[in-house]
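Q: Could you show me how to read a helix packing and an aromatic pair?

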Amino acid sequence: PAIRVTIPEGLSNKESSVILTKALSDFDSAEFLRLAKDKEGFLFPDTYFFKEHAVAGDAVKLLADNFDKKIKPLRSDIEKSGHTLREIIIMASIVEKEVAHEVDRPIVSGILWERIRRGMPLQVDATFLYLLGKQSSELTLADLQIKSPYNTYRNRGLPAGPIGNPGISAIRAALFPKAS
């Protein structure tokens, strides 16, 4: 029998691994994280049906293949955007974590792309959740000074990589920002 597993939007590979470990009896979390190391942001959040004895490699392949399928219709828009797929996914991962309401996502995306264009730091708190596991309300002034390629207060431009796996709404917002 197939095992139904839902991976919510915005979860990191580490958080997705926890869900998969609970659902699949033969799943090896460490193996999943090893195989998914360079795929943060590129494992599509969705509801999946796994074979009973699915292993880490099966999960990475299924999630990555689904990502490719979801991105395919957007490829020409990505090429025209002036950004790489990786840049779009990094921005989408931030938008996914920062903005709860779908209607606000393109506006926030527009503001963040404009900050990058002007050479300003992004100054988003969502990267600290990924980096330190802290919510915005728990951040200290010392946290904001941490030397990390994910510190959007100290560094200009996008962080080093995605901070989770964004859904299609956040990806579309990153790709089609709204000027405000």
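Predicted model: local features only at pLDDT ≥ 70, side-chain atom pairs only at ≥ 80, totals over all residues.

A: Residues are numbered from 1 along each chain as its sequence is written, and side-chain values use heavy atoms, with hydrogens and water left out.

Q: At what angle do helix α6 and helix α8 pack?

A: Two packed helices are described by the angle between their axes and the distance between the axes. Here α6 (residues 105-117) and α8 (residues 168-175) pack at about 45 degrees, with their axes 8 Å apart.

Q: Which residues of α6 and α8 meet?

A: Arg-105, Pro-106, Ser-109 and Trp-113 of α6 meet Ser-169, Ala-170, Ala-173 and Ala-174 of α8, where contact means heavy atoms within 4.5 Å.

Q: How is the aromatic pair of Phe-42 and Phe-67 arranged?

A: A pair of aromatic rings is described by the distance of the centres and the angle of the planes. The whole structure holds 5 aromatic pairs (centres within 6.5 Å; planes under 30 degrees apart are stacked, over 60 edge-to-face, the rest tilted). Phe-42 and Phe-67 are edge-to-face, at 5.1 Å centre to centre and 70 degrees between the planes. Phe-42 lies in the loop between α2 (29-35) and β2 (47-50) and Phe-67 in helix α3 (residues 56-71), so the pair ties together parts 25 residues apart in sequence.

Q: Is Phe-67 buried or exposed?

A: Phe-67 is buried, with a relative accessible area of 1% (buried means under 20%, exposed over 50%, partly exposed in between, with a 1.4 Å probe and protein chains only).

How values were computed: Axes fitted to C-alpha atoms, helices over the stretch in contact; angles between N-to-C directions. Helix = DSSP H or I, 4+ residues; strand = E, 2+ residues; numbered from the N terminus. Phe/Tyr/Trp six-rings, centres within 6.5 Å; stacked < 30°, edge-to-face > 60°.
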